[in-house]
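Let's take a friendly walk through a model of two protein chains. Have the sequence and the 3D view ready, and follow along.

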Amino acid sequence: MCWGVPAIVVSVIDDTTAEVDFGDGMPKRVVLGISAQEVLPGAAVLVHAGVIVSRLSYEQIEEVIKYIEELAAIAGEEPPQDLIARLRSLFRSAAGGGLG
Amino acid sequence: MDPRLLVEAVFRENPQLALQLRSYIAKLLEKLGEKWGSRARLKIMDFCGTHEWTITHYGLRTLMPKGLELVAGPGCPVCVTPSWELEEAMKLSFKGVTVYTYGDSYRLRTVSPVNGAYSLAEARALGGSVKVVTSIYDAIADARKYGKEAVFLGIGFETVAPGYAHALLAGLMPENLSLMSLVRLTPPAMFYSLSILREKPPEPPVMGVIAPGHVSTITGAKAWVPVAEAFEIPVVVAGFEPIDVMMAVALILRQLLQGRAEVEIEYKRAVSFDGDLRAQAAIHKAFEVSDAAWRGIGFLPRSGLRVREKYSEHDARTRYGIREMRVEEWKKDTPPGCKCAEVVLGKAKPTDCPLFLRKCTPSTPYGPCMVSMEGTCAIWARFGEGGVTEDMVRELGLLEG
């Protein structure tokens, strides 16, 4: 029941319905479970049993990097700079500059 | 494909980060031992069935240092759906009312037979009217098309509730369709299982909880504050990729080292502290909170959602006079010999059950935990957790000893 599938909003039909693409190019009609202002065409969202339950915001990658740096500090180690640089570049290329 | 859909892979296929986190987890546990003055032994509960799937599927238990055990909690809605409710739905299916159900609850077994059937699948084979759907909206479309009296079996946790609420509030349900709400709320179950597990010496104590990420998209991380406060343990809301789970374990250990017991969000790309207020308002408008039975466990106060009277024309209980079970009527509703209730509460492992992979298998499930992809027994059986693979290899004579 906790399976959620990431998708991109293709169009917003009305206050309660939207069409999303799960990555196969086929628009699928889903219901807005969350506030409509969160769901705009082009946004990355999480769909659960036909309902949008969250908007995905990948800007938060910096938070993950912060966690890694803090964990390194508490473990008494230098932060793994190459890994952090790789994470940043992975996100930059995957997000393609248009973060949802 | 939109490149953003590939971002999840950073949390899924990232051996470099996984190894780094494994090393942090080991170091933090060692430091905890130094702080406590003895070797640290503790358990962390992963509440959600999908977290258990991630942990088992990706073999995360093998990456945990000695002394740190991950135990599964009650986060599988199919496992905890009472036999009573299922039997009532099966009775309706034999009266010609079409029962729409998800695929996993279709195979869920009851304790007592209804017209000789022990599941909705068997009911259908014996002439009952049962259809499998993937969401309430499929049921709405089908019920509109055929116009027959029909019921949607509304199983699930807080994640499905906004969808059900929306169907009721927006008037999407056709006149012939009603909802049998079996929605269960997760915080009361977490309270109950933690209080049971903490009373189980000499086992190592549960010192942290990995809280369900998708439930928290709706409820917000704030729903877990009472858990952190009451049990004085860290709670980390985590995503469902292996890196998310390992990060959550590391963050729990960090809090323990720092002497904190707070709610933290690891899954920040999807979860906020307050959750979605529109979804919460819709749930409150359509449903009222009620005491509800959990399979094998019993009644938990304020742990279920009942359709409000205002929408009673679409409430299957009112429409078909389905009586709610009373507290004194509840009796243990797992089949004889089945340890599902103990597994759900984290008191036993699937491999402790004498029926596991003998009478009870994923293709012929006997107990409720073997049915759904989120049931701990089904997950362990599929991916060979708890030494299952080693036993099989040994039985086949492929391994010495």
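## A glycine in a strand

B:Gly208 lies in strand β7 of chain B; strands (E, at least two residues) and helices (H or I, at least four residues) are DSSP runs, numbered from the N terminus. This is a predicted model, in which local features need pLDDT of at least 70 and side-chain atom pairs count only at pLDDT 80 or more, while totals for chains, interfaces and linings use all residues. Residues are numbered from 1 along each chain as its sequence is written, and chains are lettered from A and ligands numbered from 1 in the order in which they are written.

Is B:Gly208 buried or exposed? B:Gly208 is buried, because 26 other C-beta atoms lie within 10 Å. A residue counts as buried with 20 or more other C-beta atoms within 10 Å of its own, exposed with 12 or fewer, and partly exposed in between, with C-beta atoms placed from the backbone. Leaving aside neighbours within four places in sequence, B:Gly208 is in contact with B:Ile44, B:Ile233, B:Pro234, B:Ile252 and B:Leu256; contact means that the C-beta atoms of two residues, placed from the backbone, lie within 7 Å. The C-alpha atoms of B:Gly208 and B:Leu253 are separated by 8.2 Å, although these residues are 45 apart along the chain.

## A covered helix

In α3(B) (residues 49–57), 8 of the 9 residues are buried, among them B:His51 and B:Trp53. Just after α3(B), B:Gly59 takes a positive phi of about 65°.

## Where the chains meet

The contact takes 38 residues from chain A and 48 residues from chain B. On the side of chain A that touches chain B, α2(A) gives the largest share, 6 residues. That side divides by class as follows (nonpolar: Ala, Val, Leu, Ile, Met, Phe, Trp, Tyr, Cys and Pro; charged: Asp, Glu, Lys and Arg; polar: the others, Gly among them).

| Class | Side of chain A that touches chain B |
|---|---|
| Nonpolar | 25 residues |
| Polar | 12 residues |
| Charged | 1 residue |

Helix α12(B) takes part here too: its axis and that of α1(A) (residues 61–74) come within 11 Å and cross at roughly 50°. Axes are lines fitted to C-alpha atoms, for helices over the stretch in contact, and angles run from 0 to 180 degrees between N-to-C directions. The two helices, α1(A) and α12(B), are therefore oblique to each other; angles under 35 degrees count as roughly parallel, over 145 as roughly antiparallel, 65 to 115 as roughly perpendicular and the rest as oblique. A:Tyr67, A:Leu71 and A:Ile74 in α1(A) meet residues of α12(B) including B:Met247 and B:Arg254.
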